[in-house]
Amino acid sequence: MRLHHLRVRAFGPFGDTEDVDFDSLHEAGLFLLSGPTGAGKTSLLDAVCFALYGRVPGVRDERALRSQHAADGVAPLVELELTVRGRRLRLRRTPEWVRPKRRGDGTTVERAAVTLHEIRGDAEVLLSSRAQEVGHEIGLLLGMTATQFQQVAMLPQGRFHQFLLADSEERQAVLTRLFGTQRFSAIEEWIAEHSRATTRRAEELRAQADKRLHSLADRAGVEAPPAAPVPEETATSWRAWSIDLLGRLADDHTRATARLDQARAQLAAARTTCAAAEDWARWWTRRATAEERAARVAAQQDALDAAREALTAHEAARALRPLLTEHDETRERRAAALRRAGLPDLEVPSDGPSDGDALADPEAHTEAEVERLTARLAVLDDLRPAVTEVERARRESASARRRLDETRTALAGVRREAAALPALREDADRALREAQDALAAEPALAAEVA
């Protein structure tokens with residue numbers, strides 16, 4: 001910001017119009033406003049602050065800014081021409097004041113007014129005549145509020161002497177009150193406390209990382225890497241070591257998974273072989289049952305032979321049945337003829353057999369033989385399925401013996417493989433658990449190491 005010209009009228013101690021040409025003062029580089037107390041040095045600074053922000057330092061009321069030395073009816077005015085960020089501006093402000101009425105007696109209140117113009121070459125452009133808009137524009141250009149401008153650009157009267165005579169602590173207190181640096185002290189304290197908290201948290205995280213690192217090393221069965229003198233180098237080395245270890249654990253897990261798959265395939269093959277062996281065992285049981293039935297049939301072989309002979313005799317006796325039938329019919333016809341002739345039936349003498357008795361004895365004998373042969377034939381009919389079953393059992397027994405020998409050989413191999421399966425399964429389970437633990441801990445370890 002560069003001041004060019006200041007004009008005050010009926011403002012503060014200035015009853016008339018006063019002009020201050022800052023451009024002529026700038027030619028000397030550094031200038032000083034000096035004069036006795038009450039000469040108006042502070043009032044010029046107040047006029048600059050009022051022109052910019054419509055306020056003056058201190059607790060004075062803006063309505064009392066009109067000079068008591070000014071003639072009645074003369075309006076107070078502050079006009080400031082300055083350059084801010086390459087833009088040349090002209091500010092005109094009038095505080096609230098009381099003037100005589102133009103008609104009649106009494107006074108009336110004249111409201112505060114402000115105008116902001118921008119000088120562009122020979123032209124002067126009105127930017128705003130509203131106090132709020134002007135204040136917003138000046139705040140954007142200067143980057144400070146009225147309070148900040150008063151603290152930074154102007155030192156209130158009476159504080160400068162106190163500042164020069166004070167010691168370092170008192171001077172710091174004065175500067176703190178003048179510039180409102182309490183928030184910076186609070187920020188500094190917050191930064192220090194945050195730094196301490198961050199340091200404590202970093203130490204806790206490093207201890208946790210060291211604990212997790214040694215735990216990972218113990219689980220992996222390797223030596224943990226030593227800590228480097230510089231924390232950043234320690235984090236880098238630990239991270240590289242963890243990544244390498246996790247890679248190796250991943251490879252071990254892959255190999256363990258492959259071994260586990262192989263063991264599962266072997267177990268499936270063993271189960272298939274065991275199922276086949278169980279089938280052969282069932283066939284062996286059926287063979288034993290068939291052998292028992294064959295033994296029982298062999299024990300009944302004599303009875304079977306006798307039954308076969310009886311069956312042959314029965315077949316021979318079956319040819320005599322028509323003769324016996326014809327004999328019975330002849331006897332009946334003879335008896336009927338004797339009854340029609342009125343003759344008694346002749347009895348055969350006891351001392352010698354007659355023809356009827358001779359025929360009767362073979363008939364009775366034949367009937368008895370037929371009944372005996374029929375009974376034996378029924379027995380033979382019942383034994384025919386057993387004979388067929390025995391022959392089939394003998395064939396199955398021979399086949400079962402061959403399959404049994406093959407099953408025994410396969411079962412011996414399966415038993416050897418089954419004996420080795422628990423150890424393989426235990427190794428695979430242990431490798432799988434270790435790999436799963438390592439994989440589960442990998443994200444947390446990587447995050448903590450990072």
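The lining of the second largest cavity holds five nonpolar residues, one polar and one charged. Here Ala, Val, Leu, Ile, Met, Phe, Trp, Tyr, Cys and Pro count as nonpolar, Asp, Glu, Lys and Arg as charged, and the others, Gly among them, as polar. This is a predicted model, in which local features need pLDDT of at least 70 and side-chain atom pairs count only at pLDDT 80 or more, while totals for chains, interfaces and linings use all residues. Residues are numbered from 1 along each chain as its sequence is written, and side-chain values use heavy atoms, with hydrogens and water left out.

Stay with the cavity. Rolling a probe the size of a water molecule over the atoms shows where empty space is left. On a 1 Å grid over the protein atoms alone, a cavity is a set of points where a 1.4 Å probe fits but cannot get out. A search of the whole structure finds two cavities of 30 Å³ or more. A volume is the space filled by probe spheres set on the points, which are joined across faces, edges and corners.

Which residues line the second largest cavity? They are Arg 239, Ser 242, Ile 243, Leu 246, Leu 445, Ala 446 and Val 449; a lining residue has an atom within 4 Å of a point. Helix 8 gives the most, with four. Helices are DSSP runs (H or I, at least four residues), numbered from the N terminus.

Now turn to the second largest pocket. A pocket is an open set of points with protein on both sides within 12 Å along at least five of seven lines. About 420 Å³ of space lies in this one. Helix 7 (182-220), helix 8 and helix 11 each give two or more residues to its lining. Helix 11 gives the most, with ten residues. In all, 24 residues line the pocket, and Arg 219, Ala 220, Leu 249, Glu 434 and Ala 438 lie nearest its centre. By class, twelve are nonpolar, two polar and ten charged.

Asp 252 and Glu 434 are 182 residues apart in sequence, yet 9.2 Å apart in space, C-alpha to C-alpha. Asp 252 is found in helix 8. Is Asp 252 buried, exposed or partly exposed? Asp 252 counts as partly exposed because its relative accessibility is 36%; buried means under 20% relative accessible area, exposed over 50%, and partly exposed in between (1.4 Å probe, protein chains only).
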